[in-house]
Amino acid sequence: LSAGLWEHGARRLKDRVVRMLEKETDPIYTDTGTVDDWCNVTRADYALDFYSPELSKEMRSKTFRHSFLLTSGVKMGVVGPSSKDETITIGMNRKTLVIQIYDKGQEIKDRSGKNWMRKIWEKNGFFMPEGQEFQDIWRLEVRFGKDYLKERNMRKFDDFEAELPKLMSEALMRRRAVISNDMNRARCDLHPFWAEAFHAAGAAREYVPIGRQI
């Protein structure tokens, strides 16, 4: 569960599950004689949280939704009341790549009740302004689907972890938010929120090559 992931990290939880499975079952080892013979990555999500009153303004005015530069065939969906946008989803095929931007503070207050996220943010140096609890906090979540990982030969947890900055950077650049300061939108500068996300993700200058062709 998410509480365990935030408290212990993905690697420690994975190791605990592997030990449990090895104790209760008899896994089949074929090639390497290690857990990599039977433990594969078929879906991976990675999230970045931001405190951004400026993005809140753009979501209220519904202008941020017009910032996206998407490749052909990629669909976008927007959810929210008539007064504002609360969630923007880029990409509808869960087997490939989906990026979602949503009001994390609102989600905590309305549904999940994960008030313990405050401790996570405080550990990383962010303290919510007094009287503004869970306001202006936005989550950018990148969901790598099975086909997307397969095309890049990301079948093992260690491989995914090692290449995460490249994978995140490619995702954010192929489906990006820009500011219209050039007639050719492909040359436009990154939107400030997207630029901050790209920097936080590692700002890799190269991507994982596609090694699986059909």
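Which residue does Glu 141 meet in a salt bridge? The partner is Arg 143, with N and O 2.9 Å apart. Keep in mind for every view below that this is a predicted model.

**View 1. Glu 141 and Arg 143 pair up through their side chains.** Side chains of opposite charge can pair when their charged atoms come close. Glu 141 has a relative accessible area of 12%, so it counts as buried, the limit being under 20%.

**View 2. Gln 100 makes polar contacts with Thr 89 and Arg 143.** Gln 100 sits in strand 5, which runs over residues 97-103. Its side chain reaches the side chain of Thr 89 at 2.8 Å, and the side chain of Arg 143 at 2.8 Å. Gln 100 is buried too, at 14% relative accessibility. Leaving aside neighbours within four places in sequence, the residues in contact with Gln 100 include Thr 87, Ile 88, Arg 139, Leu 140 and Glu 141.

**View 3. Glu 161 and Arg 11 form a salt bridge.** Here the closest N and O atoms are 2.4 Å apart. Glu 161 belongs to helix 7 (residues 157-162) and Arg 11 to helix 2 (residues 10-24), so this pair ties together parts 150 residues apart in sequence. Glu 161 is partly exposed at 38% relative accessible area, and Arg 11 is partly exposed at 35%.

**View 4. Lys 166 and Glu 163 form another of the salt bridges.** Their closest N and O atoms are 3.6 Å apart. Lys 166 is partly exposed at 23% relative accessibility, and Glu 163 is partly exposed with a relative accessible area of 23%. Elsewhere, salt bridges with shared partners link Arg 11, Asp 158 and Glu 161 into one network. The whole structure has 14 salt bridges.

Technical notes
Residues numbered from 1 in each chain as written. Predicted model: local features only at pLDDT ≥ 70, side-chain atom pairs only at ≥ 80, totals over all residues. Heavy atoms only, no water. Helix = DSSP H or I, 4+ residues; strand = E, 2+ residues; numbered from the N terminus. Buried < 20%, exposed > 50% of the residue type's maximum accessible area, 1.4 Å probe, protein only. Polar contact = N/O pair within 3.5 Å; in protein donor to acceptor, adjacent residues only side chain to side chain. Contact = heavy atoms within 4.5 Å. Salt bridge = Lys/Arg side-chain N within 4 Å of Asp/Glu carboxyl O.
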